[in-house]
Amino acid sequence: METLHFHHKVKHRAAGTKAMAIVGVVASGNLEVLVERILPNSDCELDIKTAAEGFGAVWQLVVADFVELRSPGGLKLSINDGGARPDTVAIRLAQAVRLIEDVDP
Amino acid sequence: MTLDEILSSLFPGGHDVGQRDRGLIRGSGALQGDGRVQVLGVVDRTPIGVEEALQLSEWVLDIVARGGNEPILVIVDSGSQRMSKRDELLGLNEYLAHLAKALIYADLQGHATVGLLFGHTAAGAFIATALATRTLVALPGAHPEVMDLPSMSRVTKLPIEFLTEKAKSTPVFAPGLENLARTGAVCAKWDDKRSLADQLHMLLKERGEHRDQRDALGKRRNGRPKAADIQERVRELALRA
Amino acid sequence: MSARSPVERGAGQQRKAASWYEASARERVRLLLDVHSFQELLGPEERQISPHLHIFNLPEQFDDGMIVGKGLLVGRKVFIAAQEGRFMGGAFGEVHGAKLTGMLRAVRDAASIPLFILFDTGGVRLQEANAGELAIAEIMRALMEARIAGARVIGLIGGRAGCYGGGGLIAGCCSALVVSEQGRISVSGPEVIETNLGAEEFDSKDRALVWRTMGGKHRRLIGGADMFVDDTIESFRIAAVKLMRSPRAFDADVLKSEQSRLRQRLDQFGSCADARDIWRMEGVEDPNAVPEMAPDAFIALADKIREPCHDAR
């Protein structure tokens, strides 16, 4: 298992008021993303625990793209990864942010 | 100890426990002081299939129907559940569950259930007999397991050497009396050099409340560090308005 | 009767369109219960992960594959526990099991609130085998204490992992079971039977055989499950509402009735070689047609053949 940590400064906070959301399942080729709105508005952090070792550079790129695209300010994303492909990771990250940006019921 | 030695040591005052067919035993024994203990069980490493489970549960329900509060001693040297197309076709899960239900119900009705493991038991048979009693004790040489290591190796696709190595540092998965005691399943190991009647007498005298305390035991013995706290937290949160 | 709100109408559409089998545990819980009514307990943000998986270099899941909580079902307060069948095969580990034990002990203490268990499990998680096995034993005890206190514990079975091993034993303790075509209930799995006894005894690759022997339709026809439903969340919801209605006492009479029912089953079908022989004996005219029967037709047939045995389980 490998752990990775990324921190980015971003322009805008993630929309909405929901405090927490979760998406995905930990299985081969899949991952779960727990997202919590607990950081200052201009910060975004990702804590990743992955079963597939040695892909730090790939994660860095995927995360950088994600942060650039979504500006997920204020969000901490915690990930348990079962060895998902980069495109699956990108989809889950986007799903997680969409979910937490939903208006609170 | 052989079964006969066990029964003699348990019941110096006499017993009528005998082998019925299919590796099942049934009878009763005189307790030290007063009263009798109802005895039933599985011997000769017999796997438990639909017939065996149904017979055992019938005996338990007979005891419940007669009333009173005689303890029930479940003596175990079984295989696993019987593995066959026929047993599953007929719904083995219901037969095993029914046996466990009968034992649990009997215990809650005042028939203290004690499991005595002296040989082997595994998987579904383990759950339906030994683990369905309130207090489980074992004699030296008993060998309970969820699954044997070779099968575990096959299913998990991990080499046996790897599993054996890992088993040195945790009691949480490998077979054996020590591990099942540490995780809280086996309450106590009896001393086969001392009178079993004495030990049974002490156990019945000391038995406390109905509450299932195996998770607390597992925590105390460092075999299951989280179960007791997690279940209590969930229970408490669920009961809040 | 007041008009349903757009939100509720929308939920109804979603439920009808959603496959129970394909859904995640979270989706099943969200859609089964009344809209926005689910409150998770000890959720993923608590990060109560398995203390053992790291030994095997296996990834954890924040909820350890068991989602528990409370909510409303047609306005009534209910408890719910759902297994995620795709995480470690939905298998019982220490934390996973303890969450369900906690819910059951709560049900025992608040007996008027029913608990739905959404089974999706291969049995004990081997990497935590002893903890998993014990969890199952503790769950069964807590379940019986809850039922004796007057509570209903209802199992819903229709997921990818089925309801195997210790899960099958827990299911056998429930007040009632709902099963779909995809659901399977068994103690030993097909591969284990084949490994131990050979393919002549049980060919685990023969899907039709697996489903005839352990699948939802067979369980309904032989009396191992009370209701058979279509593979939609709406169907499961309707069944859940129906089954939670009347509280039922659990006592010696229920056990006696179950003893009779299981004895009868053994006497009647103990010599049958295959499920089709059992179904034929029960009065099904064309047993070979059963696997292909659409849900509605099958439900009508099952209701004709066999009454669910609510007082004998």
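Tutor: A residue is called buried here if 20 or more other C-beta atoms lie within 10 Å of its own, and exposed if 12 or fewer do. With 24 C-beta neighbours inside 10 Å, Leu42(C) therefore counts as buried. Leu42(C) belongs to the loop between strand 1 (39–41) and strand 2 (66–73) of chain C, and its phi is near 50°, a positive value in a residue other than glycine. A contrasting case is Asn222(B), which also has a positive phi, near 65°, without being a glycine. Asn222(B) is placed in the loop between helix 10 and helix 11 of chain B, and it counts as exposed because it has 11 C-beta neighbours inside 10 Å. The model is a predicted one, and each of these values is computed from it.

The chains come next. Of the 2 pairs of chains in contact, chains B and C share the most contacts. Chain A and chain B do not touch, and their nearest C-alpha atoms are 14 Å apart. Chain C does meet chain A, in a contact that takes 13 residues from chain C and 15 residues from chain A. On that side, chain C presents 4 nonpolar, 5 polar and 4 charged residues.

Between chains B and C, 65 residues of chain B are in contact with 69 residues of chain C. Several elements of chain B give two or more residues to this side, among them helix 2 (50–66), helix 4 (92–108), helix 10 (214–220) and helix 11 (227–239). Helix 4 of chain B gives the most, with 13 residues. By class, the side of chain B that touches chain C has 37 nonpolar, 14 polar and 14 charged residues.

Helix 4 of chain B also has a place against the strands of its own chain. This helix lies across strand 3 (36–48), strand 4 (72–81) and strand 5 (113–117) of chain B, and runs at about 160° to strand 4 of chain B. In chain B, 7 strands form an open sheet in the order 1-2-3-4-5-7-9, with mixed pairing. Its edge strands are strand 1 (18–19) and strand 9 (188–189) of chain B, each of which pairs on one side only. Strand 9 of chain B is joined to strand 7 (residues 135–138) of chain B in the parallel sense over 2 bridges, and Val137(B) has Ala188(B) as its bridge partner there.

Leaving aside its neighbours within four places in sequence, Ala100(B) is in contact with Ile127(B), Ala128(B) and Ala132(B), and with Met140(C) and Leu169(C).

On the chain C side, helix 4 (residues 129–148) packs with helix 3 (residues 94–109) at an angle of about 10°, with their axes 8 Å apart. Helix 3 and helix 4 of chain C are therefore roughly parallel to each other. Among the residues that meet are Leu100(C), Leu104(C) and Val107(C) in helix 3, and Ala135(C), Ile139(C) and Leu143(C) in helix 4. The residues of this helix contact divide into 11 nonpolar, 3 polar and 5 charged.

Strand 5 (residues 153–157) of chain C runs parallel to strand 7 of chain C and is joined to it by 4 bridges; here Ile157(C) stands opposite Val179(C). Strand 9 (residues 227–229) of chain C is also parallel to strand 7 of chain C, through 3 bridges, and Val178(C) stands opposite Met227(C).

Helix 9 (residues 233–243) of chain C is mostly covered as well, since 8 of its 11 residues are buried. Its buried residues include Ile233(C), Phe236(C), Ala240(C) and Leu243(C), and also the charged Glu234(C) and Arg237(C).

Technical notes: Residues numbered from 1 in each chain as written. Chains lettered and ligands numbered in written order. Predicted model: local features only at pLDDT ≥ 70, side-chain atom pairs only at ≥ 80, totals over all residues. Contact = placed C-beta atoms within 7 Å. Axes fitted to C-alpha atoms, helices over the stretch in contact; angles between N-to-C directions. Parallel < 35°, antiparallel > 145°, perpendicular 65-115°, else oblique. Pairing = 2+ DSSP bridges.
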